[in-house]
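Subject: A structure for you to explore

Hi there,

Here is the structure I promised to pass on. Please open it next to this email and follow along as you read.

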Amino acid sequence: MIGDVSRETQGLLDAYQEILIRWNTKINLVSPSSIPQLKSRHIDDCLQISAYAKPDKGIWADLGSGGGLPGIVLSIIFASRPIRFILLESDQRKATFLRSAIRDLGLSNAEVRNSRIEAVEPLNAAYLSARALAPLPRLMPYLDRHLARNGQAWLMKGEKWQAEVDEARQHWKFRIEPIASRTQTGAAILKISEVSDA
Ligand SMILES: C[S@@+](CC[C@H](N)C(=O)[O-])C[C@H]1O[C@@H](n2cnc3c(N)ncnc32)[C@H](O)[C@@H]1O
């Protein structure tokens with residue numbers, strides 16, 4: 001378990017996992033082989049962000065949400081804050097899943113855009129997240145498009161994160177705070193802000 005959550009929040013996290021498992025038999029939301037470790041491999045992984053991010057208000061854009069990781073997990077955790085979660089997902093079936101899960105969980109703070117990230121109007125998001133979407137050099141134009149000037153991006157990266165940062169630095173200036181993952185050796189959560197062209 002990462003972080004203490006209320007009984008109500010835990011109930012929503014449990015309900016989300018049940019919905020995800022049910023839909024995963026029809027749509028590949030997460031790798032079927034990872035289902036037995038759904039909590040440790042996926043939910044706790046995403047909960048790490050909530051241990052560090054302290055969002056106060058504004059839009060939180062989750063790019064390439066897929067099965068709702070971390071978008072739905074964070075909208076559950078931050079349900080009592082004045083944050084509006086916008087989940088961007090280009091795959092129609094996954095977007096249908098996300099809308100259904102949001103409705104079933106009663107998450108009034110979350111909405112889905114079934115569109116490509118690069119086709120959505122700039123969101124001016126105070127917060128942004130992405131997990132398993134693309135290498136950092138390909139994420140940077142998305143941050144440039146959707147992150148507000150003083151915004152923070154929370155990117156969940158695998159063990160090659162340092163090489164991705166070095167490559168991204170060739171074209172972009174940004175401030176970075178890497179946080180070692182507690183769920184995957186060598187992986188990191190990158191807090192990125194102050195993005196501009198190099
Ligand atoms: C590998 S999955 C990761 C999903 C989820 N974030 C997770 O950690 O399980 C990447 C997701 O991003 C979506 N995606 C990829 N490129 C996209 C784009 N340009 N715009 C919107 N969604 C995109 C895919 O449809 C897919 O659901």
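Let's begin with contacts along the protein chain: among those between residues at least 6 apart in sequence, 69% join residues at least 24 apart. Two residues count as being in contact if their C-beta atoms, placed from the backbone, lie within 7 Å.

Two notes before you read on. This is a predicted model, in which local features need pLDDT of at least 70 and side-chain atom pairs count only at pLDDT 80 or more, while totals for chains, interfaces and linings use all residues. Residues are numbered from 1 along each chain as its sequence is written.

The overall picture

The protein chain has six helices and seven strands. These are DSSP runs numbered from the N terminus, with helices being H or I over at least four residues and strands being E over at least two. Starting at the N terminus, the elements follow the order α-α-β-α-β-α-β-β-α-β-α-β-β. The radius of gyration is 16 Å, close to the 16 Å from the globule rule for 198 residues, so the chain is as compact as a globular protein of that length. That radius is taken over C-alpha atoms, and the rule is 2.2 Å times the number of residues to the power 0.38. Along the principal axes, the C-alpha atoms fill a box of roughly 45 × 35 × 30 Å. Of the 198 residues, 39% count as buried. Buried means 20 or more other C-beta atoms within 10 Å of the residue's own, exposed means 12 or fewer, and partly exposed is in between, again with C-beta atoms placed from the backbone.

The sheet

Strands of a sheet pair through backbone hydrogen bonds, either parallel or antiparallel. Here, seven strands make an open, mixed sheet in the order β3-β2-β1-β4-β5-β7-β6. Its edge strands, each pairing on one side only, are β3 (110-113) and β6 (172-180). Pairing requires that DSSP finds at least two bridges between two strands. On average, neighbouring strands are turned by 20° against each other, direction ignored. Strand β2 (residues 83-88) pairs with β3 in the parallel sense over four bridges, and L88 stands opposite R113 in β3.

Helices and their packing

Helix α4 (residues 92-105) lies across β2 and β3, at about 165° to β3. Such angles run from 0 to 180 degrees between N-to-C directions, with axes being lines fitted to C-alpha atoms, for helices over the stretch in contact. Helix α5 (residues 136-146) runs at about 150° to β5 and lies across several strands, including β1 (58-63) and β4 (125-131).

Which helix crosses α4 at roughly 145°? It is α1 (residues 7-24), and the two axes come within 10 Å. The contact is made by L12, A15, Y16, I19 and W23 of α1 together with F97, A101, D104 and L105 of α4. Those residues divide into eight nonpolar, no polar and one charged. Nonpolar covers Ala, Val, Leu, Ile, Met, Phe, Trp, Tyr, Cys and Pro, charged covers Asp, Glu, Lys and Arg, and the others, Gly among them, are polar.

A cis peptide bond joins L69 and P70, with omega about 5°. P70 lies in the loop between β1 and α3 (71-77). N124, in the loop between β3 and β4, has a phi near 50°, a positive value in a residue other than glycine. E194, in strand β7, also has a positive phi, near 55°. E194 is partly exposed, because 13 other C-beta atoms lie within 10 Å.

Happy exploring!
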